[in-house]
Amino acid sequence: MLDMKYDGADLRSKRRPRSWVDRVWSFFASVKVGLWLIALIIAGSAVGTIFPQEMYIPQQLPASQYYTQEYGSAGTLYYTLGFHNLYTSWWYIGLIVMLTLSLIVVSIDRFFPLYKALKNQPVRRTDRFMRGQRLTGEGKGSDEQIDALGEALKAKRYQVKRDGDALLAEKHRFGRWGPYVNHIGLVIFFVGAMLRVFPAFYTDTLEWVREGDTVALEATEDEYYLRNDQFILEMYDPENNEEDAKFAEAIEKAGAVPKNYETELTLFKKTGTNDDGSPVLEEVEAGSTKVNHPFKFDKYEVYQEQYSSRPEFLSMSFSIGDKETGELYGPFTVDLDNPETTYALGEVTVSLKDLYPDFEVRNGVPDTKSPRALNPAFFFTVDTPEGTSETNLIGIRMNVADDENRYAVQFAGTEMASTSGLRVKSDSTYPILILGGTIFMIGIVMGMYWPHRRVWVRRHGETDVLVAGFTNKNPSSLRREVSPLLEKAGLPIWEDQAMFEKQKDANSTTERGES
Amino acid sequence: MKKEKTGDRMQQAMAHKKKRSFWRLMVMTMVLFAGAVVVMQLIEQAGNDGRVEAGDAAPNFKLVSLDGATMLERENYEGKGLLLNFWGTFCEPCKKEMPVVQENYATLQDMGVDFWAVNVGETPLRVDNFVNGLGVELDYPILMDTRSEVEKAYGIYNLPVTFVIDEDGNVIEKYEGELTKEKLMELAEKSL
C-alpha cells in the first residue's frame, strides 16, 4: 500500500539537510520532537502541582526555607530545581517557545507541499497508484458506467473532475487544513499567554487599604488612587432576617457565617502633583467591590480578596472626671494618625505627651511594637485649675494613674477602621486567548468532522476499470457511502486492503505514490 | 543547448534553495528572539518584587522634616553621595545606630555625603519624644513619611535599612541591619 501521508508530497525537512539552518529546521520539523516537547511540558506541569507554587505559600517564611521545612528534602529539591515558580521559570517558557517554533516549522514544512500536491493533482493516476490505495478494486466496466458514477457522486456533493475516461471525485478537502488551522490557534494562544509577562498586558497586585485611606494603585503606575470608604462584613442573621431564617439550623451548627464581604470605594485619577509632593486627585467615580463582583474601571478590575481581622484604631475619645465633684469634662477625641497635643476642656487642660500605637513595655518603659494602631496607649497630663499637673498612662484595659489624682481619664469611645485587601488586576490577553482557543477548536472540528474523501476511476485495458478510494479518516464510512454507488453503476466493488494485510507494504516508505 | 538549460535550472534551484534557507532562518530567529524577550522580561520581573535593590534607580520623593522647617526632595539633592536610611521608633537597632550616625555626621558631610533618616509612618509626637529620649541631639534630617508612600515605593521590609545612593541617583547598595561606625564609613565611601 502507498503511504498517503501528506499525499505523498516531498516534505522539505525529509530532504537531506545541507546547511546548519536546514539541520535546525529539520529538527523542529520533526513530529517526534514536537511530541517530546509536549511530553516534557506535560510532565513539568504535573510536577509543578505536587507542592504549592510560591505565590500560594504563606508569606511569613521565605520560599528557600518554607519548602525544606514543610516537605523535607523533597521540598529542598523542588525549590532548588525551580519548580516553586514553574510556570514562569525560564526553562518552562523555553519549552513553550520551542513547541511554538516546532508548531510553526511543522506547519510550514507540511502545509505548502501538501497544498501544492492537492492543488495540482492529476485526474488520471497510474495503475500502481490505484492499486496502492487502501480501497481498490478491478473489474469490467465501460465509459457510460463511469459517467453514471460521476453523476451519482455529484449528487453526494463530490466535486467531480474528468480527464478522458478517468474520473476524480473529491470532497471536504478543506478538512485537511484542520491541523494547520489548529496550529495557528495554538500559536496565537501561546503568544497571548506569553504576553502576560508584560505589565502592559497583565498586572496583578494586592493593595491593603485601611478605611478612610487613599492609596496609589501600583498596577496603574500610580495613575489611579483608591479610597476605602467602608469595609462591610455581614453575617447571616437568622434571628432578624426572614430570608436567613431558612438556614437557621445550618448556621447554628457552623457558628457565625459570613454573608458578604464588601468594600465601598472611591476612585481618583491623578492629575498633577502638589508642591509638597502629594498628588492632585480628581474623583472619577464611587462604587463597591464584593466577592466575585469586582469594581471595574479603565481596563482594571478590583476584587475584594482579603481583610484584616484586627481592625486598627483611627481615633479614641476620652473624658475627664472630677473625682471630688463628679463633674465630667469633655469628651475630646485624639486622632491617632495626626494627634493634637493639647485639649482645653474648660477648667482643665489635657496634654498628650506621648502616644504608643501598638503598646508594650520594653526594658521597663512604655514603647510601641509597630507603627500600626492596634493597641494604642496614651500618656496624658492633666493640668488642674490649681496649677498642678497629674499624669496618666491610658491604654486598652489599662489605666496607670496616681491614686491621689483628682481627675480621672475615662474612655468615651473609639473609632476603628478595618483594612481591606483588594486585588487589582488587568488582563488584556483574554481576547487573544479566546481568539487562539476558538481558532484551535475550529481547526480540531475541521479535521475531525470533515474527512477528505477521494474516489478515482479509470479504464484499464479494453474492458476493465480500476476504482480506488482514499480518505484520511474512517475508511469504512467512505466504503458505506460509495460502494452502493459503484454497485448501482455496475462498476467493480472495491476491497479494503488493510483488512487483509495489516502490515505496511515495504515499498511504501521509499516510494511515496506520485507527486 | 540542452546543457545550458540544465545549468539554468540548477541555478534556479540553487537560488530557490538559498531563498528558502533565508526564510527558514528568519522564521526561526524571529520566534526564538520573541521567546528570548519573554524570558528576559521574566528574569527582570523575578528580581523586581516591588523592592528597590542595588542597581536600581532610587525613586524620587519629597518629604518634610520632623521640625516641619525643611522639605527635602531626592532629585534636588546636590551633594555627592547620599545615605538614605529608614527607621522606626519600635526598632531596637535603629535606636542604637542613631547616636553612631550623629557622632560621624560631620565627617560624612566633609566627604560630601548626606544622611537622611526616613521615619516609617509614625506620628511626629512619637518621633519627637523618641528623638528627645535618645540623649543626643541629631543634626541630620529626620524625614516624616506620614503616608508611608516612600516606604512603599522602596519596598521596605526589615528595619533599619540604608540605601547607598550615588550622585546620579542610582542605588549602589542596600544594607539591612544596624550601622556601626565602620559600616557607616564603608557605605559612605561607596556612595562617592
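This is a predicted model: local features need pLDDT of at least 70, side-chain atom pairs count only at pLDDT 80 or more; totals for chains, interfaces and linings use all residues.
User: Hi! Which exposed residues sit on the face of helix 6 of chain A turned away from its buried side?

Analyst: Hi! Those are Glu144(A), Glu151(A) and Ala155(A). Residues are numbered from 1 along each chain as its sequence is written, while chains are lettered from A and ligands numbered from 1 in the order in which they are written.

User: Thanks. And which residues of helix 6 of chain A are buried?

Analyst: Ile146(A), Leu149(A), Gly150(A) and Leu153(A) are. Looking down the axis of helix 6 of chain A, the buried residues fall within an arc of 105°, so they line one face of the helix. The arc is taken from the directions from the helix axis to the C-beta atoms.

User: What do those buried residues pack against?

Analyst: In chain A, they pack against strand 2 (159-163), strand 3 (166-171), strand 22 (453-460), strand 23 (464-471) and helix 11 (475-489). Helices (H or I, at least four residues) and strands (E, at least two) are DSSP runs, numbered from the N terminus.

User: How far does helix 6 of chain A reach, and what follows it?

Analyst: Helix 6 of chain A covers residues 143-155, which is 13 residues, and reaches 19 Å from its first C-alpha to its last, close to the 18 Å expected at 1.5 Å a residue. That expected span is 1.5 Å times one less than the number of residues. Helix 6 of chain A is followed by Arg157(A), which has a positive phi, near 65°.

User: Switching to helix packing: how do helix 1 and helix 4 of chain A cross?

Analyst: Helix 1 (residues 20-29) and helix 4 (residues 90-119) of chain A have axes that come within 8 Å and cross at roughly 100°. Axes are lines fitted to C-alpha atoms, for helices over the stretch in contact, and angles run from 0 to 180 degrees between N-to-C directions. Helix 1 and helix 4 of chain A are therefore roughly perpendicular to each other, a term for angles of 65 to 115 degrees.

User: Which residues make that contact?

Analyst: From helix 1 of chain A, Trp25(A), Phe28(A) and Ala29(A); from helix 4 of chain A, Leu101(A), Ser102(A), Val105(A), Val106(A) and Asp109(A). Two residues are in contact if their C-beta atoms, placed from the backbone, lie within 7 Å. By class, the contact of helix 1 with helix 4 of chain A has six nonpolar, one polar and one charged residues. Ala, Val, Leu, Ile, Met, Phe, Trp, Tyr, Cys and Pro count as nonpolar, Asp, Glu, Lys and Arg as charged, and the others, Gly among them, as polar.

User: Now the interface. How many residues of chain B are in contact with chain A?

Analyst: 28 residues of chain B are in contact with 30 residues of chain A. On the chain B side, the elements giving two or more residues are helix 1 (2-47), strand 1 (62-65) and helix 3 (124-133). Helix 1 of chain B gives the most, with 14 residues. The chain B side divides into 15 nonpolar, nine polar and four charged residues.

User: What does Gln41(B) touch, leaving aside its neighbours within four places in sequence?

Analyst: Gln41(B) is in contact with Val197(A) and Phe198(A). Gln41(B) is found in helix 1 of chain B and is partly exposed, with 17 other C-beta atoms within 10 Å.

User: Last one: which peptide bond is cis in chain B?

Analyst: The bond from Leu159(B) to Pro160(B) is cis, with omega near -10°. Pro160(B) is in the loop between helix 4 (149-154) and strand 6 (161-165) of chain B.

Key:
Angles under 35 degrees count as roughly parallel, over 145 as roughly antiparallel, 65 to 115 as roughly perpendicular and the rest as oblique. A residue is buried if 20 or more other C-beta atoms lie within 10 Å of its own, exposed if 12 or fewer, and partly exposed in between; C-beta atoms are placed from the backbone.
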